Amino acid sequence: MRILSIDGGGIRGIVPATVLAALEERAGRPTHALFDLVAGTSTGGIIALALTRPGDDGAPRWTAAEVVRLYHEEGPRIFRRSLGRRIATVDGLIDERYPSDELRTVLERYLGETRLDAALTPVLVTAYDLVARRPRFFKSWREDADVPMALAAEATAAAPTYFEPVRDGDAALVDGGVYAGNPAMCAYAEAVRLRPGAEMRLLSLGTGSQTRPIPYDEAKDWGVLEWARPILDVVFDGSSDTVDYQLDQLLEDRHLRLQIELTQANDDMDDASPANLAALAATGRELVERNAGALDAWAQVLAAG
């Protein structure tokens, strides 16, 4: 069973989208046709849904290259704050940093009214329910099959302190990255349940690992306000690395993790400045170049089914 997993990371989704564009080019097939299950968290969930959304002709509505352009064109709109917003929220300390209106508008434009059960390949998207206090897994083949893709995408991207929670009935949903920044283990567990005994092959794509240290002299005196933003980064990165280790032990060479340190680009999830968008695009291309051999080999295997 062929599994694709895409990490969370906000605007850094440019990196895995660039890798998938290179994979599509090498394989000569769209992403959905290369995998039997596609999973994503946060920005990775948006990519997963976009690449499995059918168009009017039954083919995928978006290519990975078009998703890369989505980040360049829509990212600055989604992550834009007026001076009034900065003042009213005390720069995000007493309210979410960004209004959700622009994110919702973009998702509705790219995903339309398509429901999860219309996905061209089974898709799994993570979120967390603040009311039930448990993970929420949007699965295109189960009880959430009739949920609009746009709603699932907004829920998985609703990172605490960045966007407000998403209401779905009695549920209040936030970014699945609070427990699964790297959803690969969730995808693997689901694949084992769906196809017991099948050989698993899993491609896991990161959005760039953070390199900025948090020195002891700074962190030792931090309270709730100081930890509010950094703790998300720590949780996302720490959980992602743990999942990478676990799957290496389970799958060995049938697990390929493509990740790169963000030495050129800013690791903030919301830095959609022109300079950082260019740096993230360059980082994605560098990741492809560094792993050209592995991508060639995996493209051949995945395209063969």
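Is Arg 136 buried or exposed? Arg 136 is buried, because its relative accessible area is 16%. Buried here means under 20% relative accessible area, exposed means over 50%, and partly exposed lies in between, with a 1.4 Å probe and protein chains only.

A word on the model. It is predicted, so local features need pLDDT of at least 70 and side-chain atom pairs count only at pLDDT 80 or more, while totals for chains, interfaces and linings use all residues. Residues are numbered from 1 along each chain as its sequence is written, and side-chain values use heavy atoms, with hydrogens and water left out.

Now the charged pairs. Side chains of opposite charge can pair when their charged atoms come close. I call it a salt bridge when a side-chain nitrogen of Lys or Arg is within 4 Å of a carboxyl oxygen of Asp or Glu. The structure holds 18 of them.

Back to Arg 136. Its partner is Asp 168, with the closest N and O atoms 3.0 Å apart. Arg 136 lies in strand 4 (residues 134–139) and Asp 168 in strand 5 (residues 166–168), so this pair ties together parts 32 residues apart in sequence. Asp 168 is partly exposed, at 24% relative accessible area. Helices (H or I, at least four residues) and strands (E, at least two) are DSSP runs, numbered from the N terminus.

Next, Asp 7 and Arg 257. Their closest N and O atoms are 2.7 Å apart. This pair links distant parts of the chain: Asp 7 sits in the loop between strand 1 (2–6) and helix 1, Arg 257 in strand 8, 250 residues apart. Asp 7 counts as buried at 2% relative accessibility. Arg 257 also counts as buried, at 15%.

Arg 109 lies in helix 6 (residues 101–111) and Glu 74 in helix 4, so parts 35 residues apart in sequence are tied together. Glu 74 is buried, at 4%. Arg 109 is partly exposed, at 43%.

Salt bridges link Asp 101, Arg 104, Glu 154 and Glu 164.

Last stop, helix 13. It covers residues 274–290, which is 17 residues. The expected span is 1.5 Å times one less than the number of residues. That gives 24 Å, and the end C-alpha atoms are 24 Å apart, which agrees. Its buried residues include Asn 276, Leu 280, Thr 283 and Val 288. What do the buried residues of helix 13 pack against? They pack against helix 1 (14–27), helix 4 (64–78), strand 8 (255–258) and helix 14 (292–304), where contact means heavy atoms within 4.5 Å.
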